[in-house]
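Visitor: Could you take me through one part of this model in close detail? I would like to see how the pieces of a chain meet, and then what surrounds them.

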Amino acid sequence: METIVLPDKKSSIRKSARLQKLHERNLYLAQNHKRDLFVDNAEFLVYHWSGQAATFSPATGELAAAEDQRINIGDHNCRVDNGEPFPYVEEMPSKVKGFSYDANNFAEDYAFFLDKSPVVIHPYERIVGEFHWQLDEARFFQYPEENRKLGFEARKLGAGGISFTHTTPDLGIGLKLGWGGILEKIRKSRAKHEKNGYRQGVEYLNAAETVTLSIIRYVKRYAEEAERRARSEKDPELKENYEIVARTCRNIVTDAPSTFIEAIQWINFFQVAERIIGHGNGYGRLDQLLIDFYRRDVEKGILDHEYARELVAELYLKYGGNYFSFGGRDRDQKDATNEMSWIGIEAYDMLGGYNQLGVMWHPDIDKDFWHYACDVVGRHGAGAPTLVNYDVMRASELRSGYSEEDAWDIAYSGCQWYCSVGKEYSDQDLNSLVLVQPMQRAMKIAAEENITDWEKFWEVYDREVNRTVDVLVEFKNNTYKWQPKVWPEIVTSLCMHGPIENGRDVTDVRAVNNNFTSVNVLGVPNVVDSMYAMKELIFTQKKYTMKRLLEALERNWEGDEVMRHEFLKQPKFGNDIDSVDDMALQVTDHVRELLESKYNIKGFHFRPSLFQFMGHTYAGPMVGATPDGRRAEEPLAHGMNPMHGRNTQGILPTIRSFTKIDYSGFQGGSFQIELHPSFFPDDQDRGTLVELFATNFFEMGGVQINLNVLDIDTLKQAMKDPENPKYRNIVVKVTGYSAHFVVMDRKFQEEFVQRVNYQSL
Amino acid sequence: MALQALVTDIHSLSAHDGPGMRTTVFFKGCSLRCAWCHNPETIRKEQEITWEAEKCLGCHACEMVCPVKAISFNRESNYIIDRESCIACELCVEVCPAEALKTAGEKYSVEELYERIVKDEPFIKGAGGGVTFSGGEPLLQVDFLKELAKKLKERSFHLALDTCGMVPPEHLQGMLPLTDLVLFDLKEMDSRKHKVFTGAGNERILRNLFVMRDYIRERNLKTEVWIRTPLIPGMTDTEENIYAIGDFLAQEFSGMISRWELLGFNNMCTTKYRKLGISWPLAEEELLPAGQTRYLLEVARKAGKGLKEISFSGLTRREKVVPPRMNG
């Protein structure tokens with residue numbers, strides 16, 4: 001049965017009747033599985049590469065996984081499911097004229113696909129544009145066999161990744177040029193490359209032209225449809241809406257947007273045109289992108305704060321989870337907060353629930369705005385906005401080698417990642433290194449070669465991590481070689497600094513300034529705890545041999561409960577105990593130095609990220625029992641957060657352990673915290689408590705907080721009774737992203753309810 | 001010998017023991033024996049060994065290592081400790097592989113406890129937060145407490161003292177100048193009942209309230225006072241009791257008391273009793289119905305006219321409106 005359950009009221013900002021209707025539709029889509037995102041299998045979550053699809057799981061089409069096999073990772077898709085496959089699959093140009101791995105073959109498919117994507121305008125909308133299918137449902141998206149072979153080899157050694165890089169295009173480029181201006185830019189650049197005889201560039205820009213022209217047709221169809229409806233509509237309110245839509249769309253078919261509403265509409269079209277290839281990105285600093293439009297319209301008297309907020313809220317509802325960020329610093333390192341920052345967060349406050357917005361803290365941030373953002377987090381309790389530390393993010397970019405000019409304009413962009421807006425294609429978020437696996441190989445070698453000395457064992461560990469990293473590097477480099485041919489990101493390229501100028505797709509070498517490769521390292525706290533326990537019990541006290549330990553692990557500790565507890569009883573990361581926290585520094589420094597010593601074919605080094613979005617849930621049985629006393633069926637630790645239930649001293653010791661690591665050396669590492677609602681007494685202002693907590697956490701060097709306010713017992717009830725309306729609106733911050741709890745795969749739910757629920761911290 | 005205290009727990013970032021976020025220190029040893037005690041491990045003033053059945057592997061290592069043969073296991077493999085002969089040498093805790101055995105009560109010097117609290121400083125100093133001394137009855141270790149409080153005051157921490165009032169008056173007086181907020185428990189106005197519920201009559205407690213009032217006035221202290229009344233089903237949760245407390249406070253202490261909190265009962269501490277091997281009569285007791293707590297809050301507001309702030313906090317059970325309990 002399809003239903004809508006309205007959320008509890010948590011905000012004092014009133015919605016207009018029009019927005020309320022749109023909100024209800026958005027909730028309907030989320031609650032009734034119209035926005036689910038799937039992956040092929042558990043391997044995808046652990047290795048970020050399924051061995052099947054080259055991307056997330058296409059929802060329909062020849063590369064779609066079987067329904068009983070794929071895993072639902074929650075309602076964070078932009079695609080709106082209508083229950084049907086794309087009707088023109090067989091007419092795709094690549095099917096009719098032949099498929100080839102090149103940008104023009106791709107562009108022709110894209111144009112055909114967009115032309116056949118219907119215009120969807122709902123009553124009461126003022127911001128329009130949505131889609132039912134992604135290109136990966138209609139065009140063959142698979143790398144050549146040589147690449148897949150390398151992928152499987154990497155997986156054997158504990159690594160993988162689809163390199164469907166998340167980046168952050170600079171929408172400012174498009175807002176300034178409009179589609180017509182972009183087209184002109186492409187043609188000018190093409191003429192230049194033609195003159196220089198750079199054929200490859202000319203061909204690429206032909207493809208870019210094909211794509212841009214199709215987007216212009218797409219926007220024009222919206223304008224025409226809205227005009228048609230405006231003419232025939234009798235209801236005055238609806239008629240007025242259609243007129244607004246018609247005017248807005250008509251004005252931005254080729255021209256650059258000149259008003260606030262046109263800018264919002266332009267952004268939504270860009271998001272649709274880009275995301276329709278099956279890949280979402282971050283979309284930058286919304287407060288910086290819109291502030292000039294806002295001020296101009298207010299000055300002209302055609303816009304006020306409230307209406308601007310309503311339109312931003314509508315934009316949020318259209319896309320699903322929005323990857324925008326707010327706050328941070330400007331070019332001169334002064335606070336960049338402006339009125340649009342407020343409007344952006346107020347728009348969320350008005351809607352609540354699921355979203356992926358980020359607020360970038362720094363010591364000089366507008367105090368009132370920061371307090372408000374914290375208040376929203378505490379009040380709605382759904383992990384939105386994500387709170388991140390601008391200064392640490394910028395420092396990590398500078399440390400990697402970004403120029404000052406590229407590093408200041410950084411945007412939190414989703415999960416744990418952040419980008420220099422428009423200036424990087426730093427393959428991140430979807431590469432994985434399961435650090436437990438090289439450790440396990442090292443243990444086997446130590447047993448075979450009878451190594452009893454800790455230093456020697458560390459050398460073997462170092463060698464084995466190196467082996468895994470090497471095979472990952474090889475796999476990645478092969479992917480980079482093929483990527484611009486297999487699945488160029490042409491729409492993204494239109495709003496990047498470099499690709500059009502250079503005649504190269506953003507995925508290609510030398511297209512943009514920064515091309516690092518980031519790798520999510522999975523199971524770090526388990527490796528830390530395991531290495532520490534082994535160092536103590538095997539190498540120092542010599543209470544057990546490695547062979548004996550391996551036997552116990554092989555049997556999943558069966559019959560060795562006392563021994564398991566001895567390993568479990570060793571100090572664990574997350575309790576502010578220096579000895580084991582030093583091991584955490586040793587292990588993280590090691591993997592960082594190792595990754596930083598490897599280069600991709602774009603000339604940039606690898607970087608670790610102390611985060612992995614969901615692999616820890618599924619990796620347990622794949623890697624088996626571990627020397628930290630963990631049984632095979634237990635999940636691994638979540639990112640750099642201590643292993644479930646091992647941080648027994650409360651939250652502050654955990655934070656102290658957590659922040660001993662210098663996060664500027666890593667590409668993100670979010671701190672996950674689940675607060676029970678009773679943590680907040682009725683008479684205390686939630687915002688004040690969240691602010692105090694978050695500010696101190698950041699001052700200690702933390703980079704990101706994902707804060708949920710929820711009662712884990714309620715979630716357990718929700719698992720038993722998912723159809724019960726009272727559970728339908730519970731939104732949880734899974735890792736870096738939020739989703740409706742009852743929509744998620746059961747495994748995710750199980751992992752979630754194992755987390756520590758702090759009633760008092 | 002340097003002063004030492006026995007502490008059962010230190011809670012960082014508690015939002016329920018006074019204003020803001022606080023670090024709460026639980027001192028071991030209490031002068032009352034409340035039937036509903038939420039921290040049973042803090043009652044006795046000696047260290048105690050606790051046992052967690054769920055964690056126990058049944059390896060009997062503790063039994064073998066005990067020098068005074070205080071440990072045995074019954075036929076159902078339940079651990080039994082003879083607390084009279086136990087000398088709290090902690091050998092069993094050390095040897096237990098599963099951490100099923102733990103010691104309740106850790107010794108701290110003033111310096112050690114100070115260092116531990118200061119670690120939380122940035123988190124607890126903003127938003128009116130600070131440090132709360134709780135227990136048990138912290139004033140039973142008053143010399144230690146004063147030393148610690150002096151050091152913390154030098155660093156401008158906001159200090160709260162959570163007391164049951166069953167202490168020599170000079171202990172209370174000695175701490176008042178160092179205390180920003182007293183959380184004073186007033187549980188039952190009928191002294192006979194008080195004796196049944198807590199093991200002692202309430203005369204000394206009431207007297208100490210006057211002592212505290214006069215001391216604060218005479219010395220012109222800025223110490224704030226909150227009164228806290230636990231609502232225990234079938235015991236303190238009567239209209240009569242709440243009215244009597246409210247009336248008493250309004251008559252004698254309005255002006256001095258800035259808040260009176262009614263605290264709802266819950267049985268979440270049941271596992272603590274189990275670990276100590278104590279059977280707790282209230283283990284199965286339910287939360288109070290929301291209707292009853294609302295009613296009692298009304299009674300409190302009526303009786304406590306003139307008191308600044310009267311509130312209820314805690315979990316309640318959802319139920320159709322229930323007539324208030326009218327026993328006693």
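**Where the domains of chain B meet**

Guide: Happy to. Seven residues of domain 1 of chain B and six residues of domain 2 of chain B take part in the contact between them. Please keep in mind that this is a predicted model.

On the domain 1 side, 75% of the area buried against domain 2 of chain B comes from B:R44, B:K275 and B:L276, more than from any other three residues.

Four salt bridges are found across the interface of domain 1 and domain 2 of chain B. B:E48 makes a salt bridge with B:K28, with 2.5 Å between the closest N and O atoms. Between these two domains of chain B there are also five residue pairs in polar contact. The side of domain 1 of chain B that touches domain 2 is made up of five charged residues, one polar and one nonpolar.

Now let us turn to the boundary with the other chain. Here 28 residues of chain B are in contact with 25 residues of chain A. The two chains bury about 2200 Å² between them, with 62% of it on carbon and sulfur atoms. Two salt bridges are counted between chain B and chain A. B:D120 forms a salt bridge with A:R656, and their closest N and O atoms are 3.3 Å apart. Six residue pairs are in polar contact between chain B and chain A. On the chain B side, strand 1 (4-14), helix 2 (91-95) and helix 4 (121-125) are the elements that each give two or more residues. Strand 1 of chain B gives the most, with four residues. By type, the side of chain B that touches chain A holds 15 nonpolar, seven polar and six charged residues.

One last stop is in chain A, at A:S57, in the loop between helix 2 (42-47) and strand 2 (71-72). A:S57 counts as buried because its relative accessible area is 6%, under the 20% limit. Its side chain makes a polar contact with the side chain of A:D40 at 2.7 Å. Beyond its neighbours within four places in sequence, A:S57 is in contact with A:F38, A:V39, A:D40, A:A65 and A:R70.

Methods
Residues are numbered from 1 along each chain as its sequence is written. Chains are lettered from A and ligands numbered from 1 in the order in which they are written. This is a predicted model: local features need pLDDT of at least 70, side-chain atom pairs count only at pLDDT 80 or more; totals for chains, interfaces and linings use all residues. Side-chain values use heavy atoms; hydrogens and water are left out. Contact means heavy atoms within 4.5 Å. Buried area is the accessible area (1.4 Å probe) that two parts lose on being put together, summed over both. A salt bridge is a side-chain nitrogen of Lys or Arg within 4 Å of a carboxyl oxygen of Asp or Glu. A polar contact is a pair of N or O atoms within 3.5 Å; within protein, one must be able to donate a hydrogen and the other to accept it, and residues adjacent in sequence count only if both atoms are side-chain atoms. Ala, Val, Leu, Ile, Met, Phe, Trp, Tyr, Cys and Pro count as nonpolar, Asp, Glu, Lys and Arg as charged, and the others, Gly among them, as polar. Buried means under 20% relative accessible area, exposed over 50%, partly exposed in between (1.4 Å probe, protein chains only).
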